[in-house]
Every structure is written in C-alpha cells, then in structure tokens.
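Here are some exercises to work through with the model open beside you. Try each task before you read its solution.

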Amino acid sequence: MADPCRIVVMASGNGSNFQALIDAVAAGRIADSKIIRLIVNRGKAYATTRADNSGIPWEYFNLISHGFQPKGEKDPLKVQEARDKYDAALAQKLLQGDFKPDLIVLAGWMYVFGKHFLDPIDAAGIKIINLHPALPGKYDGAGAIERAFEDFKAGKLEGNKTGIMVHYVIDKVDRGEPILVREIECREGEDLHQLEERIHSHEHALIVEAAAKVAKEIVARKSTA
C-alpha cells in the first residue's frame, strides 16, 4: 500500500456521512487511506459510537465546555475572541503528535471555522473539504434546503434545480472551490421533508466520491515528494 492518506473526520451529530466514509475506506472505495481520528463538538454525538464500533479514536472538543466561551456570553467581541482561541487550539491539536492528517473531512460539522483554524491548517498543506446541500454560489450557510424550497414554491428557483456539492473550505462560508456537484430537480407536489430526504439520499455517495478523489491526489503527491 502507498503511504496512506491520513484522514480526520469532524462531525456534530448522528454521523451517517462519517459511517459512509468508514465503510468506503474499509471497502477500498477510498483507496490508500486511513481514518485516524474523529473530532466531535457535541458530547452526545452518535458519531462517537460509530467510531468506537470501528476502532477509530475520537475526541470531544467544545467551545463552551472546554472553557473558551462562558455559557450565555452575548458580547460579540468576547464571542469572537473565544472562537478565535478555540480555532487556534483545535488547529494546534491537529498539527501536533500522532494525529496530523493529510485531509480533514467535515461531515455534518455544525460550526464555522475562521482564519485562526484555517490559516495554520492551510500553511501545513492540509486540505479541508465540506458537504453543503446547495449548488455552488447558492444558499450559503444554514437552511439551504429550506431556502431553495421556498424559492421553488415562489417560482424563483433557477431551472427548478437545487443540489449538493463537496467543496474545499476557505474563510468564506460555502464558497470554496467545488470538488463535485450534483444537481437535484425540485418536484411539483413534493413537500420540504420529501425534498430533504431526496437530497440526503445523495449525500453519502457524493462525500465518499469527493473524499476518494482528493485522497487519490494527496497519495499521488506524497509518492512523488
């Protein structure tokens, strides 16, 4: 096996996309790769159970529980300072020791990183990818599916299509370079829940395909370094 692509996955909840990545690595669909660690920022995230079942080390690291931000803090300057310190600490955690990755996959990670995380990770040559349920340049941030659905109902959705993409993560929310994109057509008579289910049904395959694509490029680069 070539020097493998070392992957850290970050998740906040159920971890179904994380499970898809675990299964794909085990089956060789993400070739020459190893998931070396899971990071969660919610203590009850079921993703940790998935990690335990697969023998993958995991760590809980939270903005409030780990003392970066007091619970209930409302001051915008103090909140930003706390986030900056959390971001820097998490970057350092990943860059030191045995868990330095080649690739970070955000798989349902409900937190937006700033420069204090992204800059040191980028300087270390580590790629970060994220799945977002919208097409490039459309419906950045939270509530993307709901906003697309509302526009469809109002007759304002371009081509009656929304979609999903996996993109590189930069310091502009959901604006990094797309790696893979899937268009999904909205259907008359379909409610929001049905559209969400249909979109989610495509997510596992797309995040696996994109991770495989990026991992292959990383392994090739490492082999010629």
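**Exercise 1. Which residues does V9 touch, leaving out those up to four places away in sequence?**

Solution. Keep in mind that you are looking at a predicted model.

Step 1: List the contacts. V9 touches F18, L21, I35, R37, L38, I39, V105 and A107, once residues up to four places away in sequence are set aside.

Step 2: V9 is part of strand β1.

Step 3: Check its exposure. The cut-off for buried is under 20% relative accessible area, and V9 counts as buried because its relative accessibility is 0%.

Step 4: Look further along the chain. V9 and I128 are separated by 119 residues in sequence, yet their C-alpha atoms are 9.7 Å apart in space.

**Exercise 2. Find the buried residues of α4 and of α2, and work out how they are arranged around each axis.**

Solution. Take the two helices in turn.

Step 1: In α4 (residues 115–123), the buried residues are F117, L118 and I121. They line one face of the helix, because they fall within an arc of 90° when seen down its axis.

Step 2: Ask what covers them. The cover of the buried residues of α4 includes β1 (5–11), α3 (76–95), β4 (103–106) and β5 (127–132).

Step 3: See what comes next. G125 follows α4 and has a positive phi, near 80°.

Step 4: In α2 (residues 47–54), A47, T48, R50 and A51 are buried. Their arc around the axis is only 155°, so they lie on the same side of α2. The face turned away from this buried side carries the exposed residues D52 and N53.

Step 5: The cover of the buried residues of α2 includes β1, α1 (16–27), β2 (33–40) and β3 (58–60). After α2 comes G55, whose phi is positive, near 70°.

**Exercise 3. How many aromatic pairs does the structure hold, and what can you say about two of them?**

Solution. Count, then compare geometry.

Step 1: There are eight aromatic pairs. One of them is F61 with F68, an edge-to-face pair at 5.6 Å centre to centre, with 75° between the planes.

Step 2: F61 is buried because its relative accessibility is 6%, whereas F68, at 23%, counts as partly exposed.

Step 3: W109 and F113 form a stacked pair, 5.7 Å centre to centre with 20° between the planes. Both of these residues are buried.

Step 4: Widen the view. F61, F68, Y86, W109, Y111, F113 and F117 make up one aromatic cluster.

Step 5: Finish with the charges. K93 lies over the face of F61, 4.7 Å from the ring centre. The charged end of K127 sits over the ring of Y168, at 5.5 Å from its centre.

Methods:
Residues are numbered from 1 along each chain as its sequence is written. This is a predicted model: local features need pLDDT of at least 70, side-chain atom pairs count only at pLDDT 80 or more; totals for chains, interfaces and linings use all residues. Side-chain values use heavy atoms; hydrogens and water are left out. Buried means under 20% relative accessible area, exposed over 50%, partly exposed in between (1.4 Å probe, protein chains only). Helices (H or I, at least four residues) and strands (E, at least two) are DSSP runs, numbered from the N terminus. The arc is that of the directions from the helix axis to the C-beta atoms. Contact means heavy atoms within 4.5 Å. Rings of Phe, Tyr and Trp (its six-membered ring) pair if their centres lie within 6.5 Å; planes under 30 degrees apart count as stacked, over 60 as edge-to-face and the rest as tilted. A charge sits over a ring if NZ of Lys or CZ of Arg is within 6 Å of the ring centre and within 35 degrees of the ring normal.
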